[in-house]
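Good morning, and thank you for coming. Please look at the sequence and the structure as I bring them up.

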Amino acid sequence: MPCSMNRVIAMSGVRGFASRIWYFFVLCLLSGTVGRVEVGPGHGVVLLRLRGGQTGLNRTIVVPSKECPSIRDGLEEACMIDELKLKQGVHKLPFSYPIVSRTVHVKGEEETWIIGRWKVSEEGGGSFSRLKIAEAPSAKAPTTEEDDLSTFDISDSKWSFYKVCLHNIQGVAIHGTSAANVLMDNCLVGGGSPEPNGQAKIGIIMSNRCRLELNQSTIAWCENFGVDIDAQTHMQLLQCSVRENRIGIQVGDGCVADIQECEFENAVCSLRIDERARYTSQIFLRNSSMDRNVWFGGRRPVRNRNDPEDLVGDSTWSSENQEDRSNVYQYTDISYNYM
């Protein structure tokens, strides 16, 4: 039995009946069960497309298939705990696809691409796994800083990515705001290639009480920053590679950056911190290697009085490492805890 139900409700005649119908409609809208509202050809006819209410739960919806020939059909069919499985090939979104107050799980086969933009918000959530996702290059340049042509625009929702390559060219791969929560495991995020015309502006932007966690992932090929965090955002990087970005990580006001067992390479500098953030942010570096130019412009966080003056950049890399790392500092079990 399909997940979506179509109900045609004739609005006519009796005023009391009409009031009850519209009351029912408002309840459906508030509960998130209304997928679409359309006005039919007849006078006063409203079509409500509902989600849920069926017994066939936890389905696997395959795209393309007879029932769902396109990714858009599959997304509209999927219920809260259904899995959308994309067959090998290229799947294109016809527009910036919105996901509001819904849970979506999308999984791909080997060499499965999704081309298009996503806008997800309002306590939605879900996961993407084993996919390559990219925003199609646009001939129109961004007109404002906010118009960043992001592949994923996420606010007030929780999303996880597993073995996903998430690309953007001349824009932002992930832009998270308003308490967005993003977890990435074994992923590649950033530009499409190291060539100048294949890079992203910024790999990941997270601002306004967001949480970002990356495990065993790579952030690469960004014209400006690999990651830019601001406004009380918490970020954790574990065993990640941050490479071939102009600046590895930008830290803004009131943030916490926890960096463990990571490698920074091929950048103008590894870290940049805003002037105000020098007094309000916390940065922890543990067992991580960095380019020789660690801090952009030499601007470092302001330490507590009890911290030694030479805390930053004073440790050397382990002699047990056989590689030639003469251009790299190695930080070992050092934490920076700032006011």
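This is a predicted model: local features need pLDDT of at least 70, side-chain atom pairs count only at pLDDT 80 or more; totals for chains, interfaces and linings use all residues.

Residues are numbered from 1 along each chain as its sequence is written, and side-chain values use heavy atoms, with hydrogens and water left out.

Let us begin with H91, which belongs to strand β6, residues 89-92. Strands here are DSSP runs of E of at least two residues, helices are runs of H or I of at least four, and both are numbered from the N terminus. Is H91 buried or exposed? H91 is buried, because its relative accessible area is 8%; buried means under 20%, exposed over 50%, and partly exposed in between, with a 1.4 Å probe and protein chains only.

Among the residues in contact with H91, leaving aside neighbours within four places in sequence, are V63, P64 and W113; contact means heavy atoms within 4.5 Å.

The peptide bond from V63 to P64 is cis, with omega near 0°, and P64 sits in the loop between β4 (60-63) and α2 (71-77).

Most residues other than glycine have a negative phi, and most peptide bonds are trans.

Q239, in the loop between β20 (234-238) and β21 (241-251), has a positive phi near 55°. N287, in the loop between β25 (282-286) and β26 (288-291), has a positive phi near 50°.
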